[in-house]
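Hi everyone, thanks for coming. Let's have a look at the model together, and then I'll walk you through what sits where.

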Amino acid sequence: MKRMQNANILISGMRGLGLEIAKNVILGGVKTVTIHDQGVAEWVDLSSQFYLREEDLCKNRAEVSQPRLAELNTYVPVTAYTGELTEEYVQQFQVVVLTNSTLDEQLRLGEFCHCKGIKFIVADTKGLF
């Protein structure tokens with residue numbers, strides 16, 4: 001429990017699964033959460049990402065989700081990041097969670113996190129829209 005309270009967590013991919021992970025981590029209580037996404041909200045996102053609204057279309061998913069996620073637990077600072085996930089940026093976190101990522105990105109960041117002792121989780125879903 002103490003490790004969780006002192007963890008800086010990066011969650012990449014603010015579609016349905018990434019948002020659900022972020023929600024649960026924030027409610028669980030950690031030191032900080034950074035949500036990451038470089039994509040913009042699309043119509044298909046409205047069916048699975050419950051913090052997106054029609055007026056959020058064509059806006060960055062992380063930036064739109066950040067204020068709504070921050071309301072869940074005022075003791076957990078939630079920030080949005082829309083840049084590239086570089087090794088220099090990622091090394092500030094104790095836990096990295098990737099969703100909606102490419103295999104190349106998973107392998108690159110997985111190897112880096114393993115070498116630095118950073119906990120690394122990859123999650124994905126498959127299905128039909």
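Leaving aside its neighbours within four places in sequence, which residues is Val 33 in contact with? Keep in mind that this is a predicted model. The list for Val 33 runs Ile 9, Ile 11, Val 25, Ile 26, Val 76, Pro 77, Val 78 and Thr 79.

Val 33 also belongs to the largest nonpolar core, which has 18 residues. Val 33 is among those with the most contacts inside it, along with Ile 9, Ile 11, Met 14, Ile 35 and Leu 69. Two or more residues of this core come from each of β1, α2, β2, α3 and β4, and α2 gives the largest share, four residues. Apart from that core lies another, of 11 residues, including Tyr 89, Phe 93, Val 96 and Leu 109.

Now, the sheet. Five strands form an open sheet in the order β3-β2-β1-β4-β5, with parallel pairing. At the edges you'll find β3 and β5, each pairing on one side only, and the twist averages 15° from one strand to the next.

In α5 itself, residues 103-116, the buried positions are Gln 106, Leu 109, Gly 110, Phe 112 and Cys 113. These buried residues pack against α4 as well as β4 and β5.

Technical notes:
Residues are numbered from 1 along each chain as its sequence is written. This is a predicted model: local features need pLDDT of at least 70, side-chain atom pairs count only at pLDDT 80 or more; totals for chains, interfaces and linings use all residues. Side-chain values use heavy atoms; hydrogens and water are left out. The expected span of a helix is 1.5 Å times one less than its number of residues. Buried means under 20% relative accessible area, exposed over 50%, partly exposed in between (1.4 Å probe, protein chains only). Contact means heavy atoms within 4.5 Å. A nonpolar core is a set of buried Ala, Val, Leu, Ile, Met, Phe, Trp, Tyr and Cys residues joined through side-chain atoms within 4.5 Å. Two strands pair if DSSP finds at least two bridges between them. Axes are lines fitted to C-alpha atoms, for helices over the stretch in contact, and angles run from 0 to 180 degrees between N-to-C directions.
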